[in-house]
Amino acid sequence: MEMQGIWVRRLAIGIGVVALGSASIAGDAAAYPGGTPDFQTDVAPYCAACHSSTSVEDLYGFGDRATAELARNKHFGAIRAGTGPYAALSEANRVKLVELLSAVDRNSTITLEFPPSVVPGSTFQVTVKVTGGAGPSVGVGLVDRPHRFFARPASALGWEVVGAPTVIGSTGPQSAWIERLPEREGRSITFVNVEGVISNADIDKWSRAKIIFTLKAPREVGDYPLVGAYFYGTETGTALSTQMHPEFGPQPLGGALGKSGRVKFSKQAVISVKEADPQPVAEIQP
Ligand code: HEC
């Protein structure tokens, strides 16, 4: 019942936002700023259409479209121009805001720790470490390539998730998000939200979290890629672009349809799936 309650409430807000169209109002609440409290499943980064990128490489093959997706154009362009909700800020504050949000981007990182080689069908751990992200949540997934539009969940390559991912947030292990997925449905998914994230560019304070995925290697030998995908917000990371909503807490000034979300990728790992080297046999001397 609890689950259904959250779903209905979020859905209603989502529909409200869609109905408002591009006239996004400051202080409005939606499911995406705040992460994906209800979507406990594998995620592919294409879903985050509103988000901006921090590297043209993340949209290789898309030419000008890739450049347009960069935060400095898609997001900071509107701030610099003072359009929409950003008209409320003075020019000096808009310049300042771009600096502060750039600091959020610089301090929002994702790295993978992985074994260089594993035996076919064996289980092993991959640790994803993230820093920054404005909060109150961030999203972390495992995908097959660092591309906004082409990435697939890592499971598509045969990396099988074993059990629920372990999420260690800024105050220790947390499981409230994954527990919204009933155990009988299986919690072996490639995506999680980390909750309780609080970064603050005003005082140069950056959140940290760690997610441990237990994976089972594919049966076929070969070199398999693995990439971490990081979904985070920026505007609630500084007072200049944060508005308090009485029910939903801090909201980005740019609104739910704003471009203040990001998708960032880790470096691409390549894990070699191969049979263990045979143990050397001791020779018996004559
Ligand atoms: C309608 C536009 C929109 C779409 C579509 C969207 N997002 Fe976002 N998302 C945002 C905005 C705006 C923020 C940034 C909040 C901020 O700047 O603090 C955000 C932030 C986030 C965050 C961080 C939450 C936080 O508290 O800042 C996560 C996680 C996230 N989005 C995941 C997703 C995923 C997964 C999808 C696809 C299922 C998605 N988003 C699609 C607009 C969107």
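Here are some notes on this predicted model, point by point.

1. First, the ground rules. Residues are numbered from 1 along each chain as its sequence is written. This is a predicted model, so local features need pLDDT of at least 70 and side-chain atom pairs count only at pLDDT 80 or more, while totals for chains, interfaces and linings use all residues. Helices (H or I, at least four residues) and strands (E, at least two) are DSSP runs, numbered from the N terminus.

2. Have a look at helix α5, residues 91–106. Its 16 residues should span 22 Å at 1.5 Å a residue, and the end C-alpha atoms are 23 Å apart, which agrees. (The expected span is 1.5 Å times one less than the number of residues.)

3. Which residues of α5 are buried? They are Arg-94, Leu-97, Leu-101, Val-104 and Asp-105. Buried means 20 or more other C-beta atoms within 10 Å of a residue's own, exposed means 12 or fewer, and partly exposed is in between, with C-beta atoms placed from the backbone. Seen down the axis of α5, the buried residues fall within an arc of 95 degrees, so they line one face of the helix; the arc is that of the directions from the helix axis to the C-beta atoms. An α-helix has 3.6 residues a turn, so residues three or four places apart point the same way.

4. What does that buried side pack against? The buried residues of α5 pack against α3 (71–74), α4 (76–81) and β14 (261–265), where contact means C-beta atoms, placed from the backbone, within 7 Å. The face turned away carries the exposed residues Ala-92, Val-95, Glu-99 and Arg-106.

5. Now follow strand β11 (222–233). Five bridges join β11 to β5, and the two run antiparallel; Gly-141 stands opposite Ala-229 in β11. Five bridges also join β11 to β15 (residues 269–273), again antiparallel, with Tyr-224 opposite Ile-271. Strand β14 is antiparallel to β11 too, through five bridges, and there Phe-231 has Val-263 as its bridge partner. Strands pair if DSSP finds at least two bridges between them.

6. A cis peptide bond, with omega about 10 degrees, joins Gly-135 and Pro-136, and Pro-136 lies in the loop between β4 (123–131) and β5. Asp-204 is not a glycine, yet has a positive phi of about 55 degrees. Asp-204 lies in the loop between β9 (191–195) and β10 (208–216) and is exposed, with 9 other C-beta atoms within 10 Å.

Terms used. Contact = placed C-beta atoms within 7 Å.
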